[in-house]
Amino acid sequence: MRHHVLNMGEVQGQGYVGQALGVADMLAVTYVDQLRYRTDDPHWVERDRFLLSTGHYAIALYSAFAEAGIVPVEELKTYGSDDSRLPMSGMASYTPGMEISGGSLGHGLTVAVGMALGLRLQGSDSRVFNFLSDGELNEGSTWEAAMGAKHHGLGNLIAMVDMNALQADGKTEGIMSIEPAHEKWEAAGWFTQRVGGNDVDALLAAFDAVAARAEPTGTPAVILCDTRIGAGVPLLETREKAHFMRIEADEWELCRQQLTEGATK
Ligand SMILES: Cc1ncc(C[n+]2csc(CCOP(=O)(O)OP(=O)(O)O)c2C)c(N)n1
Ligand SMILES: [Mg+2]
């Protein structure tokens, strides 16, 4: 998935590459271990729904779609180009598997709550996964949705937050602190865990704990995932201005080399 991200990023020479490398483990665990879907039928009624609230993370999700077989690997090279099914910001009407058009931040969880409620009313056992960012925890609508999910007893809703500590204009801590985030979600009535977002075993254990929790019905669950921007590519892990990275033409190959070296260690 990280190689796909670098290959797509190179098409544009820039982009949300750091975030996508950071959340590759979260998405891999979700798509391999958790999500119920059919590659050849994105609208299969019994699928679990994965809502990408952060539309700018589309590049990350496309890398998962490619590995899952939802989008052909060959198509990734059209990323962000005119007439591509893979626009730079996630668009439900363009891409198979993209459930919502995200990008207007702070809305994903509100949609997820409505969807989870609707599915329950229909008697469906599908689950709704909402992927959101730490920046979205600065938005009031997220907390209205969090309260709503608890109020309506949405045990079929799982939120995953990329706690990358970064926003467009700088570090989250400096923009508007969201800590103590764990306590805030717990106070909103959610089954809350905080794990290393680049630790696959910890992510798997967190999802297992969601399935095994004492209160399986009626309590929404959130997994706060502390991720490392650029994870897997040391050159990008330390880069300033990491929100929208400009990567020079001669750096992509170095990034790929570093990724390959790290993977074989
Ligand atoms: C409602 C809304 N306000 C502002 C923006 C502009 N914007 C785009 S990305 C971004 C950063 C938000 O923080 P986060 O999602 O944590 O960023 P990242 O970790 O990707 O840097 C902002 C403010 C937006 N897309 N939507
Ligand atoms: Mg962030």
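**Helix α2 and its neighbours**

Let's start with a pair of helices. The axes of helix α1 (residues 2-12) and helix α2 come within 9 Å and cross at roughly 170 degrees. Helices here are DSSP runs of H or I, at least four residues long, numbered from the N terminus. Axes are lines fitted to C-alpha atoms over the stretch in contact, and angles run from 0 to 180 degrees between N-to-C directions. So α1 and α2 are roughly antiparallel. That word covers angles over 145 degrees; under 35 is roughly parallel, 65 to 115 roughly perpendicular, and the rest oblique.

A word on the source. This is a predicted model, where local features need pLDDT of at least 70, side-chain atom pairs count only at pLDDT 80 or more, and totals for chains, interfaces and linings use all residues. Residues are numbered from 1 along each chain as its sequence is written, while chains are lettered from A and ligands numbered from 1 in the order in which they are written.

Next, α2 against helix α3 (residues 58-68). Their axes are 9 Å apart, at an angle of about 40 degrees. That makes α2 oblique to α3. Who makes the contact, meaning C-beta atoms, placed from the backbone, within 7 Å? From α2 come Q19, A20, V23, A24, L27, A28 and Y31. From α3 come I59, A60, L61, S63, A64 and A68. By class, that is eleven nonpolar, two polar and no charged residues. Nonpolar means Ala, Val, Leu, Ile, Met, Phe, Trp, Tyr, Cys and Pro; charged means Asp, Glu, Lys and Arg; the others, Gly among them, are polar.

α2 packs on α8 at about 50 degrees, with the axes 10 Å apart. These two are therefore oblique as well. D25, M26, V29, D33 and Q34 in α2 meet V200, L203, L204 and F207 in α8. This contact has six nonpolar, one polar and two charged residues.

Now the core. How many residues does the largest nonpolar core have? It has 75, and V5, A20, I59 and Y62 have the most contacts inside it. The largest share, nine residues, comes from α2 (residues 17-34). Such a core joins buried Ala, Val, Leu, Ile, Met, Phe, Trp, Tyr and Cys residues through C-beta atoms within 7 Å. Buried means 20 or more other C-beta atoms within 10 Å, exposed means 12 or fewer, and partly exposed is in between.

Last, V73. It sits in the loop between α3 and α4 (108-121). With 14 C-beta neighbours inside 10 Å, V73 counts as partly exposed.

Technical notes. Two residues are in contact if their C-beta atoms, placed from the backbone, lie within 7 Å.
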